[in-house]
Amino acid sequence: MRYVEEFRDPKAAKGLLAAIDRVVDEIGATAENPVYIMEICGGHTHAIFRYGLDKLTPAGVEFIHGPGCPVCVLPMARVDECVELAEQEDVIFTTFGDAMRVPGTKKSLLQAKADGADIRMVYSPLDALELARRNPEREVIFFGLGFETTTPSTALSIQQAAREGLTNFTVFCNHITVPPPIKALLDDPHMVLDGFVGPGHVSMVIGTHPYDFIADDYGKPIVVAGFEPLDLLQSVLMVLEQIRDGRAVVENQYARVVPEHGNPVSLAAIEDVYEKRPSFAWRGLGEIDESGLRIREKYAAFDAEAKFGIGYGAEVERSVEEPEGCACSQVMTGRIKPTGCPQFGLGCTPEMPLGALMVSSEGACAAYYQYGGGRAAVEAAE
Amino acid sequence: MRYVEEFRDPKAAKGLLAAIDRVVDEIGATAENPVYIMEICGGHTHAIFRYGLDKLTPAGVEFIHGPGCPVCVLPMARVDECVELAEQEDVIFTTFGDAMRVPGTKKSLLQAKADGADIRMVYSPLDALELARRNPEREVIFFGLGFETTTPSTALSIQQAAREGLTNFTVFCNHITVPPPIKALLDDPHMVLDGFVGPGHVSMVIGTHPYDFIADDYGKPIVVAGFEPLDLLQSVLMVLEQIRDGRAVVENQYARVVPEHGNPVSLAAIEDVYEKRPSFAWRGLGEIDESGLRIREKYAAFDAEAKFGIGYGAEVERSVEEPEGCACSQVMTGRIKPTGCPQFGLGCTPEMPLGALMVSSEGACAAYYQYGGGRAAVEAAE
Amino acid sequence: MKDVTGQKVLRDSRVTLAHGGGGKAMRDLIESVFTDVFEPDGMEDQARLTAEALAVPGARLAMTTDSFVVTPVEFPGGDIGKLAVCGTVNDLAVGGATPLYLSAAFIIEEGTEIALLRRIVATMRDEADKAGVRIVTGDTKVVGRGSADQVFITTTGVGVIAPGVELKAGNVRPGDVAIVNGVLGDHGACILAARGDMALSSDLVSDCAGLGHLMAAVQAACPNVRAARDCTRGGLASALNEIAEAAGVAVEIEEDALPLRAEVKGTCEILGLDPLYLANEGRLVLFVPEDEAEAALAAMRSVPEGEGATVIGRAKPAPAGQVTMRTLFGGARIVDMLVGEQLPRIC
Amino acid sequence: MKDVTGQKVLRDSRVTLAHGGGGKAMRDLIESVFTDVFEPDGMEDQARLTAEALAVPGARLAMTTDSFVVTPVEFPGGDIGKLAVCGTVNDLAVGGATPLYLSAAFIIEEGTEIALLRRIVATMRDEADKAGVRIVTGDTKVVGRGSADQVFITTTGVGVIAPGVELKAGNVRPGDVAIVNGVLGDHGACILAARGDMALSSDLVSDCAGLGHLMAAVQAACPNVRAARDCTRGGLASALNEIAEAAGVAVEIEEDALPLRAEVKGTCEILGLDPLYLANEGRLVLFVPEDEAEAALAAMRSVPEGEGATVIGRAKPAPAGQVTMRTLFGGARIVDMLVGEQLPRIC
Amino acid sequence: MCLGIPGQIVEITDESRLMAMADVSGVRREVSIAPVLGAGMTPGDLIGEYALIHVGFAMAIIDEQEAAETLKALEGLGEAQETLEAMAEGAKALEERA
Amino acid sequence: MCLGIPGQIVEITDESRLMAMADVSGVRREVSIAPVLGAGMTPGDLIGEYALIHVGFAMAIIDEQEAAETLKALEGLGEAQETLEAMAEGAKALEERA
Ligand code: SF4
Ligand code: SF4
Ligand SMILES: [Mg+2]
Ligand SMILES: [Mg+2]
Ligand SMILES: [Mg+2]
Ligand SMILES: [Mg+2]
Ligand SMILES: [Mg+2]
Ligand SMILES: [Mg+2]
Ligand SMILES: [Mg+2]
Ligand SMILES: [Mg+2]
Ligand SMILES: [Mg+2]
Ligand SMILES: [Mg+2]
């Protein structure tokens, strides 16, 4: 597989790991006093566990798993709204598979489907569009979920629907943006982070400049990284080198995919279709200013919030408390590790997730559980 | 079962059979020169075979099985129209079970159902009405089929639908009437009939006077009969006695159910809802004047012909030839017995009926086949 | 998570597609619901059975299978689980086999209530115990909504036919007496009402029952019992036609000897059906030589499933393959096999 | 009516409810379509089998069942009939049994094309012949449109385990070598594409195959083979987890030893799936003592179904019940059982 | 054609729509009593009556008197036949004795 | 998050809607090429290019040059490490000999 296999070469990994070791030594970081690096993106979290990178890197490097899994940060209230939308008569509710198992306060979409709602997993919003074309007598709702990577595809699909004059296609827009939560984290007084691995695919859309504030205003290094293991290790090395050298700049390890200024077509589509919400709720993080997108008035015909009076479009805004005993916000801000949560592997497992981070396989807790041996590993360690 | 078991008493049957024997002897009828009695009604045909009455009565009495099975006389063109109606989108087509297996030129309703049409068997037009109430977004079509017995129930259901203001309930009206085909048979130059057993349940609606012409104009006796075996035997005896005595009147064996003037509520409903068609096609008998009913203009909203432009409501009237080699019309006019048809049990079986009379278990050929031993019996007899 | 009884607790109240995925959710479902009925051999996907009875020289293995698809899945007098156990036990028993082992494979529609599955499984457990069979292996599959109707169960039965036992339809000889073990058509009429589309109601209860003990009693009492057949789909009429055809005999039954409940007759009169074709799930017809008829009746009546045993007719030499019924009037009618399903008639 | 070949001619091109009614229409369907695969014992509803192999002292009876519900029912490399025969043959074979007899029960949706049924039945016939098993009894049920998805097949298999043979997951010991018989995930990835809802296409063909001959070859070559498991629903990961748990051992596999086709990797990359969890229908994992590994590989490679046999890992003493994979990087990840189904991801 | 069966009206289920429960040998079905509700009658008057039920409608009230008369005539014939047969038997016996 | 995978554009399937077939290791899927159709380009220009595919859209053309450079740097590190390790081996061997 071109552009994939090459970046999984174990020989090169050895070199990277040795270099990382050296830089960690140069910094003087240890297990007791590690360098904290946050990989913002859930895809990176996944890759770290998938390839065991956390175990290969020295003890002086500690990964903190960031908020970059759109499924994990989805508040239960949004899931409840999805269920409500899906359970309407004559609706086909379409979603990426990731969102199927996320629990709402009463049920997940998987359970709503079992209860009779017509819910279909799609690979692309284009597939939802095609369903709308083929089922003119039914209302096809697409659950627009994801960061800037996914945001343009939904926008382009809405533009296409408008061009075709479809009247039965809407998007339940829950798209969110990466920079605001990073800012929120950096503003957190408990923040311990020393640097960031930046989200490669988000950046291919928005470019690298939206991260300038991290280096400029907060003095933290950030390296935009690809998703193969060598990409990640190289990015970690680059972050460490900045730390060692006392620099703080935005670097781009993933230049084969990420242009400095992002993708103009995608940015134009985003600009055309969405506007910022004043504020948006993140599971585990609470309300964050200007962190969510809504569909502009001119595309109101394709906006499920407007058409069905739900979500942020509802008269009465819905908000749901996080479940009792959930330590997700602490994990997400790097204050504790998943295994430090008292619920981990007991009240909270991938089969019955309590908190957001156990829901998606991108979630830090789920990754710890699945790749790290679950509760047994915690107890073995104790 | 009250009013049922009493009329199945074998002891009384013995008396009746002996009396029939005596009267047949008095008439001088023999196997070679029998008295031909037509039971008009398919229900009577069924009972005759069900209880083996044809074998119990003397050889001097020969039953001719009349056209009184609405399923048997249904032209293929009507079945094709039913299929066409049923195969429309968003239609629930409802029918009595009898009509499910009747072959059209391409398929039966059973096959159309297998091909995907939403066809439901109902016991009553009231059940179709209930389906219409429960499925407001779908069009519920009821296949109105049958003689005067069934006609009022459809009319009352249409009146009820009108009272409730239902907009998704229509009737595909193929109701027919008993007297015209009898007149047609009596006018047939090949007619050999000596008397009639009249249809009890039709008569409970229309009374006995509509048969006056049989006695008055054609000089043939007719006895309106119930459906239990004793009813039938007694009616046969009464017909034979009239023949022996040279009388020809309308008698009523089934007085416990049949009032002389019929049922006023039912007659009023019929009058309100239907009008006579100028002519209607009967399978095996051809077009018969004023033998069918259509829904009056004032109930056009409940008339599937009007609403869907089909059947006699179609621009281009459909007519389908009877299948090659079918001798149904000869059987129905009494010229041959089912076993005299060269197709009987070979090209025409209940599994693959060729002609109308093999279709319904009320049909004379089906009855002969099922209760008489099929082709094997023919060959054994030869 | 397990509850105090050690049973897995399931969060879901209905089956979701996750329960069919081959992962933990499926295992949880199986451990929580099906362990009561399956007796798997550890985690193996096959049962390993030692059957001494099969090692006897001349003994044969009997094997039969049926899928059960009844609507509604629960009805007066039983549920699909009871049918699935009794039906397969009966197919073994009427062939002269001693039922030993069953397999049970479930196809479950997404959205099916787990509580319903539990009830069905409990019924299966009960019926298997009553019949003295073990459900030794099983399977569960989950299909999407609209791809099944709640739950379908396929059971396969294995039994042993003792040396020298040879019950089969082809054995019936002219003069043999036909006996049924009770009133006919209860199951069919009960299901018709339970289905609801004809809007009928009655107090009828399905006749569903395991007939293994009854067959054992008859075989012990009548060394020359010829054949037995359970009268399921297609009713008594189909069973008799199959026997007549296989044996090359005629069968004549007496209308006034047929045991029928008033409600079954009523259902048939209303809908224009013939009770001879109604399904039964705990009724069989047995052919024995005339001189063993009394013994057969006595043996049948000695077990609860045979309390209503009665002679309904006999085999005759000709016409071969034909079943006739002498009506109340002494008339005769042919009782042919059905063409398709019996459909309610208005005429 | 029969055609020149003596097969019943059916007027219908699709199955109607009449074909399930227990009457002539049903018999015609069975005679016309299913006689090619069922080998019923005359008109009996049970098969009667003489199995000498079972009469051997110490021999045991193996019994297993599975329902098959695949969508689409025909796919590159096979159809539901092939799955139904191979799947049950394999469940017998991996347990060390010699497959002898199958039952096959069909649940057919009203409207299913009869030509499709014929094709499925022909495949079953072929596969049964290849596997050397007889389909001795069967059943057909017809359910209304929307109450099934074309056709479901439940097969139950009976086989004999020769005296002394004892393959089971619990036998695996630390040091044993794990071998698979070929590339993994072809079936799962092929079905994903064939289903069409992800709009993927590829030239992948299902790996569906009967593994009886392969197991016989291995057993002949390796007297101490410990256990085998076919890697169906839940894939290799589930099979390994079951074995690790049953045997109380750890299993460690090597990422770079896993045989995977490029198209399977591509499918997984696109949809965010893990090939370890993809279903296979002709793949098994086998554990043998280290000193028999070469013999096992040679034996497997001697039959077509084992051409791609390769060592993928081995059992270790601890942690008991845990499956891990050494990644290309020398990192280790735990390969747990799936929770539910694998769902396509975007993130 | 026109399958019909006597059933007893046992309960009025919907006065306004003229629906009642009919019982046929213990099998119950809701039927319309519109056709048999004569002028000046209330639905309740029909309780206990036997009606001829066809496709969910009570089409006629069964006339007990007429039924009894028909049955009497039939029984008469049956008894007459028995007497005749007994006489024939007697005659035959006499002949045999002769 | 944001699963993406490189795929090669092998065919334009719908010029007007800007749809093309992408091939990922022999697995094909129709994708939108709208995001990667630069000003002045025609769809056909994309054939043969590798694009980063995400939820059915080609989101970025992969820059061959940049990829090669990154790889070169990585390989350099790998080789340097090998040299270092060989040196360490040599030093160890020397020590042992001593
Ligand atoms: S273990 Fe569960 S509750 Fe605890 S932090 Fe993780 S997701 Fe939240
Ligand atoms: S046997 Fe068939 S074709 Fe001949 S008269 Fe009867 S129904 Fe018509
Ligand atoms: Mg069977
Ligand atoms: Mg059976
Ligand atoms: Mg049976
Ligand atoms: Mg299984
Ligand atoms: Mg359903
Ligand atoms: Mg199994
Ligand atoms: Mg299996
Ligand atoms: Mg298996
Ligand atoms: Mg069967
Ligand atoms: Mg379907």
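# Chatting through the magnesium sites and chains

Guide: Let's start with a pair of ions: the magnesium ion (ligand 4) and the magnesium ion (ligand 3) are separated by 4.3 Å.

Visitor: Which residues are the protein donors of the magnesium ion (ligand 4)?

Guide: They are Asp66(C) and Asp91(C), each through OD, lying 2.1 to 2.2 Å from the ion. Donors here are N, O and S atoms within 2.8 Å of the metal (3.2 Å for Na, K and Ca), and water is not among the atoms, so sites may look incomplete. Asp66(C) lies in strand E2 (residues 60–68) of chain C and Asp91(C) in helix H3 (residues 80–93) of chain C, so the pair ties together parts that are 25 residues apart in sequence. Helices (H or I, at least four residues) and strands (E, at least two) are DSSP runs, numbered from the N terminus.

Visitor: Before we go on, what kind of model is this?

Guide: This is a predicted model, where local features need pLDDT of at least 70, side-chain atom pairs count only at pLDDT 80 or more, and totals for chains, interfaces and linings use all residues. Residues are numbered from 1 along each chain as its sequence is written, chains are lettered from A and ligands numbered from 1 in the order in which they are written, and side-chain values use heavy atoms, with hydrogens and water left out.

Visitor: Back to Asp66(C): buried or exposed?

Guide: Asp66(C) counts as buried, at 10% relative accessibility. Asp91(C) is buried too, at 2%. Buried means under 20% relative accessible area, exposed over 50%, and partly exposed in between (1.4 Å probe, protein chains only).

Visitor: And what coordinates the magnesium ion (ligand 9)?

Guide: Asp66(D) and Asp91(D) do, both by OD, at 2.1 to 2.2 Å. Asp66(D) is in strand E2 (residues 60–68) of chain D, while Asp91(D) is in helix H3 (residues 80–93) of chain D, so this pair ties together parts 25 residues apart in sequence. Asp66(D) also coordinates the magnesium ion (ligand 6), which is 4.2 Å from the magnesium ion (ligand 9). Both Asp66(D) and Asp91(D) are buried.

Visitor: New topic: how many helices and strands does chain C have?

Guide: Chain C has 9 helices and 15 strands. Of its 347 residues, 65% count as buried.

Visitor: What about the overall size of chain C?

Guide: The C-alpha atoms of chain C fill a box of roughly 70 × 55 × 30 Å along the principal axes.

Visitor: Can we look at one residue in chain D? Where is Ala295(D)?

Guide: Ala295(D) is found in helix H9 (residues 293–301) of chain D. With a relative accessible area of 31%, Ala295(D) is partly exposed. Leaving aside neighbours within four places in sequence, Ala295(D) is in contact with Ala221(D) and Cys222(D).

Methods
Contact means heavy atoms within 4.5 Å.
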